[in-house]
Amino acid sequence: MKFDSKVEEINWIRGSITWIIWLHGSPFDIEGGFDSSGEKHIFCGKMSQYQAEDVEYMADDYEMADVDDDMDEEFRGRGMGDSDSEDEDYDHLNNKITDTSSAQARKGKDIQGIPWDRLSITREKYRQTRLEQYKNYENIPQSGEGSEKECKSTTKGGSFYEFRRNTRSVKSTILHFQLRNLVWATSKHDVYLMSHFSVIHWSAITCNKSEVLNVSGHVAPCEKHPGSLLEGFTQTQVSTLAVKDKLLVAGGFQGELICKYLDRPGVSFCCRTTYDDNAITNAVDIYDSPSGAVRFMASNNDCGVRDFDMERFQLCKHFRFPWPVNHTSLSPDGKLLVIVGDNPDGILVDSRTGKTISPLCGHLDFSFASAWHPDGRTFATGNQDKTCRIWDVRNLSESVAALKGNLGAIRSIRFTSDGQFMAMAEPADFVHVFDVRSGYEKEQEIDFFGEISGVSFSPDTESLFIGVWDRTYGSLLQYGRKRTYSYLDTLL
């Protein structure tokens, strides 16, 4: 969104600092989210640019409010010796509650470690209050209500992925409330995510984290390539992230692109895609070209989509569209591109020429997510009208199905590599996993509390990672694919 004046922009920034707290309220303070008149605060638009000091302040305060005072006092007052098991309840280094394992969850412990028995509200009551009070962010008013009549009825209660672990020592963060692609798994044990100014690697095997990239200071490429910005960047505000195999690409609020190979020291390539005032890098999609070359596409708020060849570190294509592009997905055969952005209608285009093949009509608000099914025939788009729509390239006159969320916009979509499941993430609290083979009629609803920074299936489909952003209960949730083996399977 472009602002009419600097004053309007600053006012939006100041408002967005407390957007989570005012708009949604604290998960442990039911009185939160209202002003003195009893009305919810609502803010409009996507941020185009702001100063570094505003960003740092926003990163600190753009989280849910403090935990219930009584509970907070309880934990501060408890000594480590009061616990039946120090390893179970406390982190020895920072004196905070530690991870939750699947064994503990089976015994009744809350997966996020929230001690509901010591709070003045039950989990069920708070969930109901959250559903009633959460205000979905919309660019087009009433889009969520308008889409409900078209939504497919689904059967909930599926159990495709089971809880494995909640890791509290990994704090996943978000910098822009509409951009939620900040968690990426490269194997069933390895996941990369943003934590403030750092890209963190988490190993589910060793339960150790390590910093892969720090952008709080000066970052410059250690390799020389044509078009690379050798002077690099200082204090980059990372808006989006992508990691595939050994390549990591981080996109910034000022059009920055930082490329790093995980098996090489330093940063390989830096560039600024645009010097436009409206320069946010909204999404990055890494893919392998038909020739086997590694490439990535960057979707930008300047209405452009840029295709980079990482073998030569060069810009290959630059397509322009009538509106800011929030997300782009390339079909498995590399021939088609799904383009969604600040317009209710998306478009399907030829990836070689950028020419429109067909509009995608049906959504009622702006879209921020898209993904292709591995079969190359169907794809999905996620929108602020609270729906995910499924499309079939053989008939694009209307969507095949519209799937509804509980709270708000669908901000992230992922398919498993075998095409059996699709996950769609809302802004907070819910990730829905659908059985694709059932025609999206069977659904597993993963229910927790906190803003969602991203979701990612592992390439082998065995793991599902969910980043949860919250000052107190921020974490990384890990789920494992549930397998049922018969007696005969053991003989094979």
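Strands, as counted here, are DSSP runs of E with at least two residues, and helices are runs of H or I with at least four. The model shown in these views is predicted.

**View 1. Residues 408–444, a span annotated in UniProt.** By the strand and helix definition above, this span is 54% strand and 0% helix. Its end C-alpha atoms lie 17 Å apart. The UniProt record, an unreviewed entry, places the feature "domain: DUF2415" at residues 408–444.

**View 2. The whole chain.** The protein contains 31 strands and 8 helices. Of its 492 residues, 59% are buried. Among contacts with a separation of 6 or more, 53% are between residues 24 or more positions apart.

**View 3. The largest nonpolar core.** This core has 35 residues. Leu241, Val249, Leu257, Ile258, Ile286, Phe296 and Met310 have the most contacts inside it. Two or more core residues come from each of the strands β5 (190–195), β10 (238–244), β11 (247–252), β12 (256–261), β13 (269–272), β14 (281–288) and β15 (294–300). In soluble globular proteins, nonpolar side chains tend to be buried together.

**View 4. The surroundings of Val249.** Leaving aside residues up to four places away in sequence, Val249 touches Thr240, Leu241 and Ala242, then Leu257, Ile258 and Cys259, and also Val284, Ile286 and Phe296.

**View 5. An open sheet of 4 strands.** The strand order is β18-β19-β20-β21, and the pairing is antiparallel. β18 (325–330) and β21 (356–360) are the edge strands; each has a single partner, so one side of each has no neighbour in the sheet. From one strand to the next, the twist averages 20 degrees.

**View 6. The pairing of β18 with β19.** β18 and β19 (residues 336–341) run antiparallel and are joined by 5 bridges. Ser329 stands opposite Val338 of β19.

**View 7. Helix α7, residues 123–133.** Which residues of this helix are buried, and which are exposed on its other side? Tyr126, Arg127, Thr129 and Arg130 are buried. Seen down the axis of α7, the buried residues fall within an arc of 165 degrees, so they line one face of the helix. Glu124, Lys125 and Glu132 are exposed on the other side of α7.

Technical notes
Residues numbered from 1 in each chain as written. Predicted model: local features only at pLDDT ≥ 70, side-chain atom pairs only at ≥ 80, totals over all residues. Heavy atoms only, no water. Core = buried A, V, L, I, M, F, W, Y, C linked by side-chain atoms within 4.5 Å. Buried < 20%, exposed > 50% of the residue type's maximum accessible area, 1.4 Å probe, protein only. Contact = heavy atoms within 4.5 Å. UniProt positions renumbered as here; feature names shortened; annotations may be inferred. Pairing = 2+ DSSP bridges. Axes fitted to C-alpha atoms, helices over the stretch in contact; angles between N-to-C directions. Arc of directions from axis to C-beta.
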